[in-house]
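Dear colleague,

Please find the structure below for your study.

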Amino acid sequence: MGRSAVVIELIEDPARPLFINLAGSVIREIERGRLKPGDRLPGTRALARTLGVHRNTVDAAYQELVLQGWLTAEASRGTFVARDLPDLGTQNWGARPAAARFASPLPQTRPAPPPMQFSDGAPDARLMPGLELARAFRRSLTGAELKSLPGYGDPRGAPSLRTALARYLSAERGLTVSADDILITRGSQMALFLAAAALNPGDAIAVEDPGYPLAWKAFRAAGARVVGAPVDAQGLDVERLEALLARDPAIRAVYVTPHHQFPTTVTLGAGRRLRLLKLARRHGLILIEDDYDHEYRFEGRPVLPLAARALSQGRDQDRIIHIGSVSKLLSPVVRIGYATGAPDLVQAMTARREAIDRQGDLPLERALARLIDDGDLGRHARKARKIYEQRRDLLCAEIAARLDGAVAFDKPAGGLALWLRVNPDIDAAAWAAEAERSGLILTHGRQLQLEPAPKGSPAANAFRIGFASLDETELVRAVDRLKAAQPA
């Protein structure tokens, strides 16, 4: 295929990033049929010179279009229009007779827009280092170690992954743990279930309200009773938790998301952290710390987990189960989580895990160990963090410009979602229902409450919208739909 001679006319929309305008310009030429499947696009340097833009702008536009499937990049050859696209050349208006070109079109029913979803904070699976993971998985699957196993593996998980995670947690989260202190699970959801299963029958767990419904589901499935503990603008309200403990002595554990509270995204401050540790110690409570997105901190350094302080002061002082997830780093389909903490609790969780699952996915676990040891996981985390920060900033700008007065929010220092507080005069649930009818699915505050709150309460009248799983073009389109669905 020769290089395309089509002149690309740059869309000029000052409200959009320049690379998004350029990406839209290329899509327009494909839809017009002026760029055909298999056509090679100009090199980034040449197109940048022609359009008078920076080469990085062209590179970003091309990368965006590759992610969306409009283009393909071939090493040492160049960038091409994807060959699996239909040839739209017959729709080129310039090739149609004048009579047909200006005739009144027949009325047509506009197809419904494809559904979109603001996730609750999932990563973008399209960014996953798939080639590196596939290569590591192949090496793991064909290696001599798996073939030499006499039977099933350790129910705690592959030793290589537990060793790699011990080093990773020490460097990234300040946790001084060894491989023997770590339990690998099929995602953090299994770890939550196993943590609750380590309690005695009839025990209750205090959970943040609003909070994470799938954690409540896991705790109940393990036989625990779930009790709501209020959350305010600073996270878990420790004083009201203490009052709750006085009323319900059956509470033996507290589930908390201190780094970025789910769903409000706030970070639990140092004062409350210290009071929570002291309260747990005094009442003999188990703290179940879900540090689900520790790696995604955009301003400053991540706050060290509760477990880091507890373990540095001696294992007998605090009883903490620290839970994390590799899925948030790679993709929700990669089901690898882990737990560490007090040895007796980890042992109890391991015994239950062996009873229901016996062992994990050893080839996948060993492949992830390679990703950590080779530095691929760290490089991916740094790359993803930059991309997600850009998407956060774009979404914040779009919402501020398009929904000013309808919602308010604090720009989160980290995490993969925004917490939008909806104007009290607007019913967030009704807004979400109207958005869903237009093809946009999102989560409103009432879906995240353990105990029903008054209709106009701040926690109920809010949205949690994840920005990481949507690219820049998709984020703009999603805000368009949210704006269009806004009640009059």
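**Cavities and pockets**

The lining of the second largest cavity has six nonpolar, one polar and two charged residues; Ala, Val, Leu, Ile, Met, Phe, Trp, Tyr, Cys and Pro count as nonpolar, Asp, Glu, Lys and Arg as charged, and the others, Gly among them, as polar. This is a predicted model, in which local features need pLDDT of at least 70 and side-chain atom pairs count only at pLDDT 80 or more, while totals for chains, interfaces and linings use all residues. Residues are numbered from 1 along each chain as its sequence is written, and side-chain values use heavy atoms, with hydrogens and water left out.

Rolling a probe the size of a water molecule over the atoms shows where empty space is left. On a 1 Å grid over the protein atoms alone, a cavity is a set of points where a 1.4 Å probe fits but cannot get out, and a pocket is an open set with protein on both sides within 12 Å along at least five of seven lines; lining residues have an atom within 4 Å of a point. Grid points are joined across faces, edges and corners, and a volume is the space filled by probe spheres set on the points.

Helices (H or I, at least four residues) and strands (E, at least two) are DSSP runs, numbered from the N terminus.

The largest pocket has about 890 Å³ of space. Of the 36 residues that line this pocket, Gln63, Leu67, Leu127, Lys383 and Ile387 are the closest to its centre. Helix H15 gives the most to the lining of the largest pocket, with nine residues. By class, this lining has 15 nonpolar, eight polar and 13 charged residues.

The volume of the second largest pocket is about 480 Å³. The closest to its centre, of 21 lining residues, are Asp232, Ala233, Thr264, Val266 and Trp419. Strand S6 (225-232) and strand S13 (417-422) are the elements that give two or more residues to the lining of the second largest pocket, and S6 gives the most, with three. By class, the lining of the second largest pocket has ten nonpolar, four polar and seven charged residues.

With kind regards
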